[in-house]
Amino acid sequence: QAHLVESGGGSVQAGGSLRLSCAAPKSTYSYNCMGWFRQTPGKEREGVAAICTAGAAGDSTMYADSVKGRFTISRDNADKMVHLQMNSLNPEDTAMYYCAAEFFGEALGGNWYVRRDWQYWGQGRQVTVSS
């Protein structure tokens, strides 16, 4: 059973918007980071966005260059949820999207967008963008 549960996504035409949500079993602040990855057949799973706890400074967010300015990651800790708002979608955004939690690679100087450095995963939600 997956540790995280994704919802949302689906199909949209190019230029449209979709939202993905990820439900965690405990407070989102229990994890140092939560993130979203995506994967297409035959390709590596790649980091899309991450949100990390930065202490008194609040959250820090990171985005892949391909989605900067179009996607926004946010958290609603009262509901133990993390969201990914996706705007101006294009066919290249078509993929299975996965929620992730606990970036254990952080302490080792790893990169947030590397799949193997994350501990918990969801089962994935399909996003399809048609032209």
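**Close-up views of charged and polar side chains**

**View 1. The salt bridge between Arg75 and Asp59.** Asp59 is partly exposed because its relative accessibility is 33%, where buried means under 20% relative accessible area, exposed over 50% and partly exposed in between (1.4 Å probe, protein chains only). This is a predicted model, in which local features need pLDDT of at least 70 and side-chain atom pairs count only at pLDDT 80 or more, whereas totals for chains, interfaces and linings use all residues. Residues are numbered from 1 along each chain as its sequence is written, and side-chain values use heavy atoms, with hydrogens and water left out. Arg75, at 14% relative accessibility, counts as buried. The two side chains meet at 3.0 Å, N to O, a salt bridge being a side-chain nitrogen of Lys or Arg within 4 Å of a carboxyl oxygen of Asp or Glu.

**View 2. The salt-bridge network of Arg38, Glu46, Arg70 and Asp93.** Asp93 pairs with Arg38 (2.9 Å, N to O). Asp93 also forms a salt bridge with Arg70, the closest N and O atoms being 2.8 Å apart. Asp93 is buried, with a relative accessible area of 1%; Arg38 is buried at 6% relative accessibility, and Arg70 is buried as well. By this rule, the count of salt bridges is five.

**View 3. The surroundings of His83.** His83 counts as buried because its relative accessibility is 8%. Its side chain makes a polar contact with the side chain of Ser21 at 2.8 Å (a pair of N or O atoms within 3.5 Å; within protein, one must be able to donate a hydrogen and the other to accept it, and residues adjacent in sequence count only if both atoms are side-chain atoms).

Methods: Contact means heavy atoms within 4.5 Å. Lists of a residue's contacts leave out its neighbours within four places in sequence.
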